[in-house]
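Student: Please take a close look at one part of this model, the salt bridge, and then go on to its surroundings. Keep it brisk.

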Amino acid sequence: MKQSIKLIAISELLIVATSLFSFSFFINLQIAFLSSLFIILGSSYAYRKMVDTQVASDMVDEKRDILDEIEDPHELYEEDSINYAPVEELDLRAIVKEEKKKIKTFSLESMKHGAKGSSSLFRLVPYLFLVLGFIALKNNQLLDIAIYLPSLLVGIVIGSMSGKELFSIEK
């Protein structure tokens, strides 16, 4: 956590130092940097929260190994196969019920879960900041795309490096 704060503080000091060079350069760099930094950190935090709630509610799906999925995409060679039992001992109704449970359907619950993750305030507010900052720069004739666009990349890099440390699972 300390490294992330140091990284963001050093970045901000360098950005403030550009105000000595040019106000237009400084304001474009600052708005773009903060916008992309907030978007990355907000998305990382919202994703972390979503994963934590899924783990807490036991909604985690155990995925198979990637090689197993490539070699056996339809799970034909599963270890717990029913083919070893004699036909007389098979309970077909139980098997059908079990297979129906495995099928994932599009339900109101799954739609609500997806909408909840994408409409998180931690994701929406940074995008609002990005749009309003861009409009403010444009309306005040301060927008310089040659500075603004590369500055977004700086915020993305710093945000992703900080987000990995701040919101990692191993704490």
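**The salt bridge and beyond**

Tutor: A salt bridge joins the side chains of Arg48 and Asp52, at 3.0 Å from N to O. The term means a side-chain nitrogen of Lys or Arg within 4 Å of a carboxyl oxygen of Asp or Glu. By this rule the count is 1 salt bridge. Side chains of opposite charge can pair when their charged atoms come close.

This is a predicted model: local features need pLDDT of at least 70, side-chain atom pairs count only at pLDDT 80 or more, and totals for chains, interfaces and linings use all residues. Residues are numbered from 1 along each chain as its sequence is written, and side-chain values use heavy atoms, leaving out hydrogens and water.

Both partners sit in helix α2 (residues 23-56). Arg48 and Asp52 are 4 residues apart, about one turn of the helix. Helices here are DSSP runs (H or I, at least four residues), numbered from the N terminus. Arg48 is buried, at 18% relative accessible area. Asp52 is partly exposed, at 38%. The cut-offs are under 20% for buried and over 50% for exposed, with partly exposed in between (1.4 Å probe, protein chains only).

Another arginine is Arg123, in helix α6 (residues 121-139). Arg123 has 19% relative accessibility, so this residue counts as buried.

Phi of Gln141 is near 55°, a positive value in a residue other than glycine. Gln141 is exposed, with 69% relative accessibility.

Now the helix pair. Helix α1 (residues 2-17) packs against helix α7 (residues 145-166) at about 160°, with the axes 8 Å apart. Axes are lines fitted to C-alpha atoms, for helices over the stretch in contact, and angles run from 0 to 180 degrees between N-to-C directions. α1 and α7 are therefore roughly antiparallel, a label for angles over 145 degrees. In α1, the residues Lys2, Gln3, Ser4, Leu7, Ile8 and Ser11 meet Ile158, Met161, Ser162, Glu165 and Leu166 of α7. Contact means heavy atoms within 4.5 Å. The residues of this contact divide into 5 nonpolar, 4 polar and 2 charged. Nonpolar covers Ala, Val, Leu, Ile, Met, Phe, Trp, Tyr, Cys and Pro; charged covers Asp, Glu, Lys and Arg; the others, Gly among them, are polar.

Definitions and conventions. Helices (H or I, at least four residues) and strands (E, at least two) are DSSP runs, numbered from the N terminus. Angles under 35 degrees count as roughly parallel, over 145 as roughly antiparallel, 65 to 115 as roughly perpendicular and the rest as oblique.
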